[in-house]
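Colleague: Could you take a close look at one part of this model for me? I'd like to walk through a single spot and its surroundings.

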Amino acid sequence: MIPFEQCLANILSAVYGKDVRQSIHDGLKAGYEIATESKEISENGREIAKEAKEIALGARTDVDQAVERIEEAVENAGEAALLARQEATNAKRAAAAANTAADKVHDLESDLREKVENGYFTGPQGPQGPQGPQGESGIITEIRGMFTLSVDENGDLWVHYTDADTPPEFEYDSETGNVYYIISDVA
């Protein structure tokens, strides 16, 4: 597990979007792992307390044996209670650390979003390059039959063509997911 401080340093030093996303992911993952570890520590404390209770209840069966068992149970219960308190303290510390980490990640995310929205990561425009040579004069003619394909945010495929053209024909094979462009026979 990457130390949480290293995750924060990575987030602050990341320049490219991919690195920023990876750093945020690593930070969130580290926070999640801390929270999960805290939960396991807390569950271990509960189990120890449950065992101590069972030992104490089992000591009531026989008076002669009860003295020995009670002494043992008291000793075990004391140790278990001490361990449970220690585990609870550790769990509280880990939970507090996880909450602090989550707050820091949230603050960092907000800060990064604000910086992106304010153009913090966008540098100044560079100088304009030299003008290119004059092109040859000629006749402009409309090109027919040209089209482009694009995919929108929903994953839908779109065909773009000029209004003067006939839309290109496509065929979709639902079994394979392939799209075929239909070319008319030219004699």
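Leaving aside its neighbours within four places in sequence, which residues is Ala-91 in contact with?

Modeller: Quick caveat before we dig in: this is a predicted model, where local features need pLDDT of at least 70, side-chain atom pairs count only at pLDDT 80 or more, and totals for chains, interfaces and linings use all residues. Residues are numbered from 1 along each chain as its sequence is written, and side-chain values use heavy atoms, with hydrogens and water left out.

Now, your residue. Once neighbours within four places in sequence are set aside, Ala-91 touches Ser-38, Ile-41 and Ser-42, where contact means heavy atoms within 4.5 Å. Ala-91 itself belongs to helix α3, residues 63-117; helices here are DSSP runs of H or I with at least four residues, strands are E runs of at least two, and both are numbered from the N terminus. Ser-38, one of those partners, sits in helix α2, residues 17-58.

Seen from the Ser-38 side, with neighbours within four places again left out, the contacts are Ala-91, Ala-94 and Ala-95. Ala-91 is buried, its relative accessible area being 11%, and Ser-38 is buried too, at 6%. Buried means under 20% relative accessible area, exposed over 50% and partly exposed in between, using a 1.4 Å probe and protein chains only.

One more distance for the picture: Gly-45 lies 46 residues from Ala-91 in sequence, yet their C-alpha atoms are 9.2 Å apart in space.
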